Amino acid sequence: MMKKQNFLYRSGLFWMVMLSIFWLVVATSINAQTVINPDQEKVVPAEDTLRGAQSLGLDLPGHHTSLMTRLAEAPNNPVNVLILYDTSGPEGFLGELYAQMTANLVSHFGTWQAHPVGAYTAGEMSSYSAVIYIGSTLNEPLPAAFLTDTLAGTTQVVWMSNNISQLSAYSSDFQGVYGWSWAGFDFGPVGTVKYKQTDLTRDTTNPRGIMTFANVDPTRVQILAMAFRTDGSSFPWAVHSLNLSYIGEIPFAFMDHNDRYLVLADLLFDLLAPATVERHRALVRIEDVGPDADPQELRTIAEELSNRSVPFAVAVYPRYENPNGINNNGVPEAYNLAEKPDVVDALKFMLSKGGILLMHGYTHQFEHLNNPYDGVSSNDFEFYTAHVDANNSVIYDGPVPGDSQAWAANRIALAEAAFVAAGLPVPEIFEFPHYAGSVPDYTAVQERFGIRYDRGLYFPGYLSHQPIDYNQFAGQFFPYVVKDVYGSWVAPENLGNIQSESYNNHPTRSPADLLATARANLVVRDGFASFFYHPKLGKDMLIEVVDGIKQLGYTFVTLASLKP
C-alpha cells in the first residue's frame, strides 16, 4: 500500500519555485523602500502617537502596561480582527493566500474580516480588536489613512515583512516613539528562530529575507524571538513596542513541522487572548482503514490505546476499489464494508475501546485513473487530481473531471449508505483523502459535516470572490482548533506520521521526529500534538509515540470535546 502524502513537503516545492524569482527582485532593490503613495503628503507628528498611547494609560519608557492586554481583555469586547493584504505585482496572489492562512489562525480566537490594504478607509481599524497587515509585496502603495491610523497608537497592529519603511517615513520620529528602527533585509541562511528558549526551524533554502534592525532600545522594546544564522550570529526576528508588533518576514512560506510559524501561532494569544491558561492536548488518528484492512491489526491497536486510556479516531473509507487489478493478476476488485464482516466487527471493537469513526472519503481513489499511482484505494487521491513528474515529485493538477459540489455531495451520500449497510454509525467528521479537494468539495463537506480533521488546501480567488486559481495553492496545518475560511471547524493534525521509507522526495519520519515536533509545539500555550498512524506498521512505534507525547506533558482528549 502506498503511503499517505506529507502535505508540507509537497507545498514546499511550490513555494520554492514561485518565491525565488520574486525575492531575487527584492534583493536588488531593498534599499529603495520609499513611500510611493501619492496621497501621502503629511508626516504624522510623534506627539500624535504619544497622545494615542497615553490615552490608554501607557508608560512609554517602561512599557509596563501592555496595550495588547488592555484591548484583548476589555469587557464585552469580542475579538474581531481586520486582516489587510497586498495585491499588486505578478505575485499579488500571495497576499490573498497569506490572508487566508492568517484568517484561519485568527478564527481560533474570534471573527475576522479581510480585504486588500489599498481599500483601507480612515478610522476603519477603530472598529476592530486588532489589525494584521501582511506585507508580501515590496512597495505596495499603502493608503495614508492606514499609516495615520497605525501611528495613532490606539489599535494593536501586527505588521509582517515589507513596507515598514513607509510607516517609519510617515512618522516624524519613528525611532523616538517606538524605540527601534529597521535596517534592511538579510538574505543569508537562517536556520533557527529561538522562541521561549526553544529552537524552531527555518528552511535555509528559503530565498526570502528577514528584516534586520539598526537600533533597538531594550528598555522600551520587547524582543519576541531571535533569528540565528548558520554561522551562529543572531538578530531580532520579531519585536513589540506600544501598539506595534513587527515580524521581519512572513512565516507562512516554506513551513515545516517544527517551524517558526509556531511563533506567530502563539503570539496571537498575546494579541487576542492574553489571559489564556496554558494547557497541552493530544490527538491520535488511525489512518486509511478500509474494507481491505487486517482485522487483527485493528483490534491490537485498539487494545493498546484503550489500555493507556487514550481515545482515538479511525479514518475509514467504506468501499475498496482496485479497478486495474493491481497485485491481483489484472483482475479488478471492488467491495464494500458490508461484504467484510470481520473488518466490521473489528471496527465495532474499536468503537467499544474508545474509538470514533471518521469518513475518509468513499473509495480514497478516483475511477480508473492512476491518481497519481495505481487507482487502488488508500493509495490515490479521490477529490483532486495529481501525477508523479520526471523528478519523482507529486504534482497537483486540479479538480477531478466532473467535479462539482453536487458530485462531492453524492460521494458523501454513497459513503453514508455504505456505513449504514455495514451496521456502523455514520461518521460525523470528515477527512479529505490525502488532504486535497477543490473549493466545491470543501463547500459540500462544510454543508454536510461542518467539521473536518485534516489539513486544508487554499486557493487564490476564494477570499476575493474571484474565479478560483487552481494553478496556485497553499497548504496549512494548525496547532489548535480553527474555523477555516471554508466555514468548517478543523481539528488539528500537526505532527504528521511515521514514514519508514522515503518516497517522492519526502524524507523518512521516525517516532523520534514526531516527538521532536511535539516538543516544539509546546511553545504554543494552548496547542496540540496530533498525529496519524497506519495500522500496518504494527503497535510498537504507535506506543512509542503515544507514551512519548504523554511524557512531554500532553493529555489525549476526545474529538467530541473539541466540537463546537
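**Strands and cores: a chat**

Guide: In strand S23, Trp489 is the bridge partner of Lys483. This is a predicted model, where local features need pLDDT of at least 70, side-chain atom pairs count only at pLDDT 80 or more, and totals for chains, interfaces and linings use all residues. Residues are numbered from 1 along each chain as its sequence is written, and side-chain values use heavy atoms, leaving out hydrogens and water.

Visitor: In what sense do S22 and S23 pair?

Guide: Antiparallel, over two bridges. Strands pair if DSSP finds at least two bridges between them; strands (E, at least two residues) and helices (H or I, at least four) are DSSP runs, numbered from the N terminus.

Visitor: And in what order do the three strands of that open sheet come?

Guide: S19-S23-S22, with mixed pairing. S19 (451-453) and S22 (482-483) are the edge strands, each pairing on one side only.

Visitor: New topic: why is S4 largely enclosed?

Guide: Six of the six residues of S4 (residues 156-161) are buried, so the rest of the structure largely encloses this strand. Buried means under 20% relative accessible area (1.4 Å probe, protein chains only).

Visitor: Which residue stands opposite Ser161 in S4?

Guide: Gly135. S3 (residues 130-135) and S4 pair in the parallel sense over six bridges.

Visitor: What about the largest nonpolar core, how many residues?

Guide: 139, and Phe252, Leu347, Tyr480, Phe531 and Ile549 touch the most other members. Such a core is a set of buried Ala, Val, Leu, Ile, Met, Phe, Trp, Tyr and Cys residues joined through side-chain atoms within 4.5 Å.

Technical notes. Buried < 20%, exposed > 50% of the residue type's maximum accessible area, 1.4 Å probe, protein only.
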